[in-house]
Structures are given as structure tokens and as C-alpha cells.
Amino acid sequence: MEIPILNLADAPADRQAPRSGVRRMTRQVNIGGIKVGGNAPISVQTMTKTRTADIAGTVAQIVAAAKAGCDIVRVTVNDKEAADAIADIVRQSPVPIVADIHFNHIFALKAIQGNVAKVRINPGNIGNRDRIHQVLGAAKDKGIPIRIGVNSGSLEEDILEKHGYPTAEALYESAMRHVQICDEFGFNDVIISVKSTDVRLMIDAYRLVARRTDIPLHLGVTEAGPTRTGTIKSAVGIGALLAEGIGDTIRVSLTDEPAKEVEVGKEILRSLGLATRNVELIACPTCGRLEVDLFGIMAELEKRLEGIKKPVKIAVLGCVVNGPGEASEADIGIAAGKGVGILYRKGEMIRKVKEADIVDVIVEEVRNFEPNH
């Protein structure tokens with residue numbers, strides 16, 4: 001069925017829908033105090049990469065991810081030691097914890113007893129109806145939602161045989177099979193993901209689920225790869241859907257630290273006006289007209305401004321062609337040429353700055369910057 005859509009013009013200023021679009025309205029679930037769906041802010045997730053039984057190491061990764069701006073962290077519960085550790089991890093975590101479980105209903109029950117905020121498990125893969133009833137019943141009693149996570153690399157054999165290969169319809173059919181099982185047990189506190197390493201397939205599958213259900217969606221390109229390529233694939237896939245108003249929570253999958261995944265996820269949201277930006281650096285791509293050491297200036301600025309949380313847009317342009325116009329459009333701008341730069345503050349030309357002083361001047365401007373003035 002067609003899903004009603006919501007214009008988010010009145011949403012919180014730090015998490016608005018793209019100016020040209022509307023956001024898909026979904027039912028809402030609560031993940032340890034983080035609302036997902038409806039008109040709630042789009043949350044950012046990651047997953048720990050330690051052995052879960054290493055409680056100290058796992059908690060350290062969770063804390064680092066939280067400092068990077070993560071809202072929810074997923075932890076694998078793949079063996080008895082992990083199941084025994086999950087309650088301690090939950091107690092020490094500054095953010096809600098999701099237990100990632102495949103096939104084993106006992107681990108799911110142990111995680112629920114350990115007060116996780118959500119369980120990622122596909123009900124159709126955990127055995128007979130009694131096992132399904134135990135897990136869904138325990139989750140319902142504690143108000144814990146479940147994410148049904150479908151992946152193009154692990155579709156059921158009968159669905160693959162029917163469709164021939166992973167398609168958007170196949171991913172949708174698999175997801176709805178598990179949703180139907182939940183419905184049969186009166187459990188509808190669910191989130192869906194239909195991930196793939198193929199960006200186009202992932203986009204098509206999420207669009208299909210979005211058109212036909214009101215279930216909140218967890219967006220992601222699975223196994224996106226190393227940081228550079230994984231960032232690009234995730235930005236294209238997740239960003240395309242968010243720009244259409246589709247998606248309620250996101251996870252960027254990289255072969256990198258969880259905090260890096262969070263940083264990329266936050267930047268995707270910022271690029272669409274869906275999250276408050278911190279320091280945003282803009283620079284020209286450079287060409288033969290370049291007359292200052294823009295590479296050195298930007299590298300030093302990135303280093304010195306790291307960790308500053310002010311929502312300030314900085315533009316540093318290295319020539320006189322586009323520089324003045326683009327610099328004047330930023331909160332703080334420099335249009336540089338022949339060893340000097342013109343400093344702009346909110347569109348107003350302020351003064352000339354020697355090339356050697358550009359970084360110091362910008363850092364000082366950032367320190368004095370007042371977002372609301």
C-alpha cells in the first residue's frame with residue numbers, strides 16, 4: 001500500500017528533511033530511549049569489532065563511538081561467552097545496545113534478560129514455533145523491538161530459487177516472511193533492513209519496502225568495504241534514499257573503527273541538512289590558477305579544528321576567479337591569491353591576511369564565532 005508522507009518543515013532544526021522532499025511517515029519504535037521512525041531524528045548506528053567476551057575492549061569501542069556522535073551500538077552475541085558478557089556491557093554503555101544474533105534463540109533470550117535495547121534476529125531462522133514464541137514473548141514483555149535484517153548474500157534457498165538471483169522483490173519477500181511470523185504472534189515492534197553490497201539493488205529494495213509498508217527502515221550498504229570505497233558506496237546508497245525521505249536510522253559499514261563509521265554517517269546526514277553540522281571545511285579542488293599552498297593550509301586546518309563542535313562553515317579558495325563569491329557565502333571565508341588572502345565573515349569583507357597567517361586567523365575566527373549572531 002502507499003504510505004502517507006510527512007512534511008518535516010516543523011521538525012527540530014538539527015534534523016530536518018531535505019528542502020525539496022518529504023519524509024516517509026512510519027510507525028515508531030523506542031530503542032532504549034532513542035525513538036526511531038515517525039518524525040524522530042534519523043539516528044546513527046555502528047557495530048563493535050572486538051570479541052564481545054572482551055568486555056573492557058568492547059566497552060572502550062562503544063564509548064569512542066558515542067563520543068563521535070553515535071546513537072545506538074550493535075554488539076554480536078555469537079557464542080556463550082558473548083551471551084554471558086552482554087549484561088555487563090549494557091550496564092557500562094553510554095548508549096543503547098543492540099544484540100546481533102543469528103539462529104540461536106537461547107542467545108536472544110539471554111540478551112533480552114541482559115536488558116539490551118533491541119535484538120537483531122530473523123524469527124524464521126531460530127527454529128520451531130515454540131522457540132519463536134519464547135523470543136517474541138520475552139521481547140514484547142520488556143518492550144524491546146526487533147530488527148529483521150535481510151541480506152542479499154544470505155537469502156533463503158526457496159526465495160533464491162523462485163527469483164533466480166537476489167532481486168529487490170526477493171529481498172522484500174524475505175523481509176515480509178519474517179514480519180508475517182511476528183504478526184502471527186502479535187508482535188509488530190519491528191524495524192526492517194534489506195541490505196546488499198550492490199548499491200543499486202539496495203536502493204531498489206528499500207524503495208519497495210517503503211512503498212508497501214509503514215515499517216521503519218534501517219539503511220545500510222552491507223560490507224561496503226575499505227574506508228574510501230565504503231564511504232562512497234554508503235554515501236550514494238544511503239544518501240539517495242534519505243534524499244527521497246526514506247530511512248529512519250542508518251549504519252555505515254566500513255573495514256575501519258566504529259567511530260569512523262559514525263563520522264561518515266553523521267557527514268551523510270549533514271550533507272542533506274538532516275543533522276547539525278559541526279565545523280564544515282570547503283575548499284576548491286585546485287588548478288593551475290592556484291597561488292597559495294592550499295593543500296598545506298587545509299591539512300593544518302583539519303588538524304587544528306578537529307573536535308570543535310560549533311556549526312560553522314569555512315571556505316578557503318585558492319584563486320581570484322571563484323574565490324571572492326564562494327568565500328563570501330560561508331560563515332568564515334578566505335579568497336586567496338599571490339601570497340595573501342581576503343578574510344570574509346558572514347559575507348562581509350574584513351581585511352587582508354598574509355598566507356602564513358591564514359590558519360591562525362581562521363582558528364581565531366572559529367573560536368570567536370557565534371552561530372546565532
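Student: At what angle do helix α10 and helix α12 pack?

Tutor: This is a predicted model. In it, α10 (residues 294–305) and α12 (residues 358–368) pack at about 35°. Their axes lie 10 Å apart. The crossing of α10 past α12 is right-handed.

Student: Which residues of α10 and α12 meet?

Tutor: From α10 come Ile297, Glu300, Leu301, Arg304 and Leu305. From α12 come Ile358, Val359, Asp360, Ile362, Val363 and Val366. Sort the residues of this contact by kind: eight are nonpolar, none is polar and three are charged.

Student: Now the sheet. In what order do the five strands stand?

Tutor: Read them as β13-β14-β15-β16-β17. The sheet is open, and its pairing is mixed.

Student: Why is one side of β13 and of β17 left without a neighbour in the sheet?

Tutor: Look at the partners. β13 (280–283) and β17 (348–354) are at the edges and have a single partner strand each, so one side of each has no neighbour in the sheet. On average, neighbouring strands here are turned by 20° against each other, ignoring direction.

Student: How many bridges join β15 to β16?

Tutor: Six bridges link β15 (residues 332–337) with β16 (residues 340–345). The two strands run antiparallel. Gly337 is opposite Val340 in β16.

Student: Which strands do the helices touch?

Tutor: α10 packs on the sheet and touches β13 and β14 (313–317). Its direction makes about 180° with that of β13. α12 lies across β14, β15, β16 and β17, at about 165° to β15.

Student: What sits over the ring of Tyr172?

Tutor: The charged end of Arg212, 4.8 Å from the ring centre. As for aromatic pairs, the structure holds zero.

Key:
Residues are numbered from 1 along each chain as its sequence is written. This is a predicted model: local features need pLDDT of at least 70, side-chain atom pairs count only at pLDDT 80 or more; totals for chains, interfaces and linings use all residues. Side-chain values use heavy atoms; hydrogens and water are left out. Axes are lines fitted to C-alpha atoms, for helices over the stretch in contact, and angles run from 0 to 180 degrees between N-to-C directions. Helices (H or I, at least four residues) and strands (E, at least two) are DSSP runs, numbered from the N terminus. A crossing is left-handed if the near helix is turned anticlockwise from the far one by less than a right angle, and right-handed if clockwise. Contact means heavy atoms within 4.5 Å. Ala, Val, Leu, Ile, Met, Phe, Trp, Tyr, Cys and Pro count as nonpolar, Asp, Glu, Lys and Arg as charged, and the others, Gly among them, as polar. Rings of Phe, Tyr and Trp (its six-membered ring) pair if their centres lie within 6.5 Å; planes under 30 degrees apart count as stacked, over 60 as edge-to-face and the rest as tilted. A charge sits over a ring if NZ of Lys or CZ of Arg is within 6 Å of the ring centre and within 35 degrees of the ring normal. Two strands pair if DSSP finds at least two bridges between them.
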